[in-house]
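Subject: Structure for your review

Dear colleague,

My notes on it follow directly after.

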Amino acid sequence: MIEKMNKYLFVVYHKEYEDFLIKLKELGVVHIKETKDKRKIDSLEAKLVERKEIGILYRKIKARRDKEKATKEVVIRPCDRAHLQQIVNDVTELMAQEEELKNQVNSAQRELDYWKIWGEIDLSDLQKLQESGHPIHFFITPISRYSEEWEAKYNAVPICNFRGQCYFITVGLNGKELPEAEEIKAPTKSIEHLEEQVETFQKALSKVRSELESFANHRIGELKGILEFIDKEYAFSNALIQATDEAGNSVKVLEGWVPSLESVAFEEELQSLPIYLEKLVITEEDDVPINLKNNAYSILFEPITKMYSMPNYGEI
């Protein structure tokens, strides 16, 4: 069922307009009539962009929830802007760390896999051979291009064939002609060191993911609260700019809608404020906001109603 609405005119002294809006915000029952295009207001557009970004963050974090471990999602609104920003920064920092660690794990694993092809290399032996004038050079070439003649001519020693490539070294060609193959830099880390590096990055990655999962399971409501906080900020900022300036900009004129059942209590709350309040007649030209007021059974069908079309206010 569509809830009946009452239309009001508010006239407020310009210096008291913001306090008046705060009072309306506390009452939480007024739908402000919009007279200006919100899309052309930069400050409002910035809030929409912020909400979209945090909405994406909320969905990403929520996707990590473990149904067996997660607690009930309880909406917790931030105390203020600083608190809001701290929560968002904490989560985005964890996600940035996760992405960086994923890259580090992948890079370290590729390096480990590559040098495992060559086998275990004693770096101290490489250094000794270099100092004695018998440097070791490392090469890769397609198997079809490798020539056994290089073994006599360049002291080449095949290490292995892998995925169509021949991996080989030469011994003692200091300043002499080298084979026509791709030379690569000698290893600077042992296999053991590379394995430890991969393990270190993996442990760090697991820790960050555990923190993100914990946030998703137990603190996701804080992000939902932030979205509601921004929605209310947006509504308040929108209300600030929707009033019309009159009497040489000394007063603000605003129209709004209140559910009829709450109108009496609403008017009583505003009696103590230094404002002019007038109940207006609703005309056919008015774009009346729609509130559905249904019983427990009908509420089950509200998502379906909103999915297809909302009823017209004139149908009540």
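Glu50 counts as buried in this predicted model, because its relative accessibility is 16% and the limit for a buried residue is under 20%. The side chain of Glu50 forms a salt bridge with that of Arg81, at 2.6 Å from N to O. Glu50 belongs to helix 2 and Arg81 to helix 3, so this pair ties together parts that are 31 residues apart in sequence. Arg81, at 30% relative accessibility, is partly exposed.

Arg81 also meets Glu233 in a salt bridge, with an N to O distance of 2.5 Å. Since Arg81 lies in helix 3 and Glu233 in helix 7, this second pair links parts 152 residues apart in sequence. Glu233 has a relative accessible area of 18% and is therefore buried.

Another salt bridge, between the side chains of Lys102 and Glu99, has an N to O distance of 3.5 Å. These two residues are three apart in helix 3, which means that about one helical turn separates them. Lys102 is partly exposed at 29% relative accessibility, and Glu99 is likewise partly exposed, with a relative accessible area of 39%. Elsewhere, salt bridges with shared partners join Lys7, Lys33, Glu255 and Asp286 into one network. The count of salt bridges in the model comes to 20.

Lys7 sits in strand 1, which covers residues 5–13. With a relative accessible area of 7%, Lys7 is buried. Its side chain makes a polar contact of 2.9 Å with the side chain of Asp286. Beyond its neighbours within four places in sequence, Lys7 is in contact with several residues, including Glu255, Trp257, Leu280 and Ile282.

I turn now to the nonpolar residues. In soluble globular proteins, nonpolar side chains tend to be buried together. The largest nonpolar core here comprises 23 residues, and Leu57, Ile61, Leu223 and Ile226 have the most contacts inside it. At least two residues of this core come from each of helix 2 (42–62), helix 3 (81–118), helix 6 (191–218) and helix 7 (220–242). Helix 3 provides the largest share, eight residues. Leu57 touches Val88, Val91, Thr92, Met95 and Leu223, when residues up to four places away in sequence are not counted.

Yours sincerely

Conventions. Residues are numbered from 1 along each chain as its sequence is written. This is a predicted model: local features need pLDDT of at least 70, side-chain atom pairs count only at pLDDT 80 or more; totals for chains, interfaces and linings use all residues. Side-chain values use heavy atoms; hydrogens and water are left out. Helices (H or I, at least four residues) and strands (E, at least two) are DSSP runs, numbered from the N terminus. Buried means under 20% relative accessible area, exposed over 50%, partly exposed in between (1.4 Å probe, protein chains only). A polar contact is a pair of N or O atoms within 3.5 Å; within protein, one must be able to donate a hydrogen and the other to accept it, and residues adjacent in sequence count only if both atoms are side-chain atoms. Contact means heavy atoms within 4.5 Å. A nonpolar core is a set of buried Ala, Val, Leu, Ile, Met, Phe, Trp, Tyr and Cys residues joined through side-chain atoms within 4.5 Å. A salt bridge is a side-chain nitrogen of Lys or Arg within 4 Å of a carboxyl oxygen of Asp or Glu.
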